[in-house]
Amino acid sequence: MTAFFGLHWSVRGRSLQRDRGSTRQLRRRARFVTLLMSAVGFLATCTVATAQPGTVTFLGKLSRTVESAAAGINNAGQVVGTSWGEDLNRYATLWNGMTPTALSQSDSGADAINDAGQVAGFEGPYATVWNGSTSTRLQSLNLRGASSALDINDAGQVVGYSWSGAVIRPAMWDHRGLTVLGTTGETSGVAHAINEAGQVVGYSTVAGQPGLAATLWVGNTATHLGTLGGSGGCAFGINEAGQIVGNSILADHWTSHATLWNGTVPTDLGSLGGTNISTAYGINNAGQIVGTSSTDRDGFHAVMWQGGAIIDLNDFLDESLKKAGWRLEFARDVNDSGWVVGSAENRFTADTRAFLLSPVPEPETHVLMCHSYDLI
């Protein structure tokens with residue numbers, strides 16, 4: 001369950017699994033040149049407060065870290081994610097504007113932030129919520145079981161997972177404590193997102209069936225969502241209208257596409273052409289959807305689905321950053337104003353950086369600006 005269709009972030013919910021240690025020396029040698037080239041692009045970008053539509057900004061780094069990835073943004077524009085140090089330690093990070101703050105000095109990561117500024121993530125092996133500088137460890141199913149918080153709504157309800165022996169359980173934490181959501185026997189699952197009405201989405205196993213099923217929990221009742229003809233799917237985001245996004249396997253039982261569910265009915269959102277695979281991670285209340293799609297030439301590109309069109313967010317990346325090797329890879333969240341956060345990767349050094357993208361123009365305007373997208 002640590003990966004799904006090659007697109008799901010690890011169960012810890014932080015980063016795509018990759019061998020960082022083997023490339024560390026090469027990356028150190030190349031970092032100075034790359035950052036110098038990138039600085040040219042930074043000088044050309046506007047500040048967050050005055051950014052023009054479709055402006056990409058790389059968020060600031062903690063002094064002791066070399067990489068970062070953004071995972072969540074609230075309607076005040078506060079961003080959360082994870083930063084990595086030279087020693088590969090992880091630090092839950094909060095960005096106010098460009099300025100990063102480490103929420104913990106221990107191994108940690110942050111996945112979501114609500115409009116009150118409460119942050120959900122993990123610290124050590126435990127699900128954790130930060131309220132300002134105060135951290136609260138959430139209850140686990142047993143003393144030795146790991147847990148993680150993946151989302152938090154404005155009421156302070158938190159969802160994620162907790163281990164029970166060898167089984168991972170979808171979990172919700174509120175004023176009553178820990179609740180295991182609608183699974184029985186050896187059924188496993190992860191709760192990934194929650195809206196203000198308390199509807200929870202994620203994925204779970206189904207007894208006697210292969211793969212994972214995209215799942216909606218209302219109270220303690222689980223409903224498995226429809227697929228695009230294949231054997232399974234995952235749900236990663238939900239808005240206040242109850243629209244759900246994630247991915248689903250197609251009828252070929254191999255390809256997976258980003259999926260929008262209205263009720264239990266799935267709609268194929270498509271990808272950047274051909275047999276490429278895609279996943280949707282977040283949806284705002286305007287119906288803008290963000291995620292990633294593979295391409296024919298150079299791996300994954302961060303994308304947005306808007307107005308019935310799929311937009312490659314690399315269309316908005318400054319040319320100097322493209323030449324320096326950068327590619328917007330994963331768009332993880334979008335707030336109600338249309339600001340997008342995620343992670344970019346450098347093809348020369350394999351470094352990862354958190355990015356913030358100002359609201360994308362409407363598709364018609366975007367077509368006039370960019371007649372065709374340029375694959376890096």
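Leu88 is placed in the loop that runs between β3 (79-85) and β4 (90-96). In this predicted model, Leu88 has a positive phi of about 70°, although the residue is not a glycine. With a relative accessible area of 37%, Leu88 is partly exposed. His253 belongs to the loop between β19 (244-250) and β20 (256-262).

The protein chain holds 3 helices and 28 strands. Of its 376 residues, 60% are buried. Among contacts between residues at least 6 apart in sequence, 46% join residues at least 24 apart.

Aromatic pairs were examined next. A pair of aromatic rings is described by the distance of the centres and the angle of the planes. The count comes to 5 aromatic pairs. In one of them, formed by Phe58 and Trp326, the ring centres are 5.1 Å apart and the planes stand at 75°; since an angle over 60 degrees counts as edge-to-face, the pair falls in that class. Phe58 is part of strand β1 (residues 56-58) and Trp326 is part of strand β26 (residues 326-334), so the pair ties together parts of the chain 268 residues apart in sequence. Phe58 has a relative accessibility of 2% and counts as buried. Trp326, at 1% relative accessibility, also counts as buried.

The pair of Tyr203 and Phe236 is likewise edge-to-face, because the planes of the rings are at 80°, with 6.3 Å between the centres. This pair links distant parts of the chain, with Tyr203 in strand β15 (residues 200-205) and Phe236 in strand β18 (residues 229-238), 33 residues apart. Tyr203 and Phe236 are both buried. Together with Tyr281, Phe300 and Phe330, the residues Tyr203 and Phe236 form one aromatic cluster.

Two arginine side chains lie over aromatic faces. Arg332 is placed over the face of Tyr281, at 5.1 Å from the ring centre, and Tyr281 is one of the members of the aromatic cluster. Arg64 lies over the face of Tyr91, where the distance from the ring centre is 4.3 Å.

Ser271 is located in the loop between β21 (265-270) and β22 (278-283). The relative accessibility of Ser271 is 13%, and the residue counts as buried because this value is under 20%. A polar atom of the Ser271 side chain lies 2.9 Å from the backbone oxygen of Asn276. When neighbours within four places in sequence are left aside, Ser271 is in contact with His257, Asn276, Ile277, Ser278, Ser293 and Ile310.

Rolling a probe the size of a water molecule over the atoms shows where empty space is left. At least two residues of the lining of the largest pocket come from each of β2 (65-73), β6 (108-113), β10 (147-152), β14 (189-194), β18, β22 and β26. Among these strands, β18 contains Phe236 of the pair with Tyr203, and β26 contains Trp326 of the pair with Phe58.

Note on methods. Residues are numbered from 1 along each chain as its sequence is written. Side-chain values use heavy atoms; hydrogens and water are left out. Rings of Phe, Tyr and Trp (its six-membered ring) pair if their centres lie within 6.5 Å; planes under 30 degrees apart count as stacked, over 60 as edge-to-face and the rest as tilted. Helices (H or I, at least four residues) and strands (E, at least two) are DSSP runs, numbered from the N terminus. Buried means under 20% relative accessible area, exposed over 50%, partly exposed in between (1.4 Å probe, protein chains only). A charge sits over a ring if NZ of Lys or CZ of Arg is within 6 Å of the ring centre and within 35 degrees of the ring normal. A polar contact is a pair of N or O atoms within 3.5 Å; within protein, one must be able to donate a hydrogen and the other to accept it, and residues adjacent in sequence count only if both atoms are side-chain atoms. Contact means heavy atoms within 4.5 Å.
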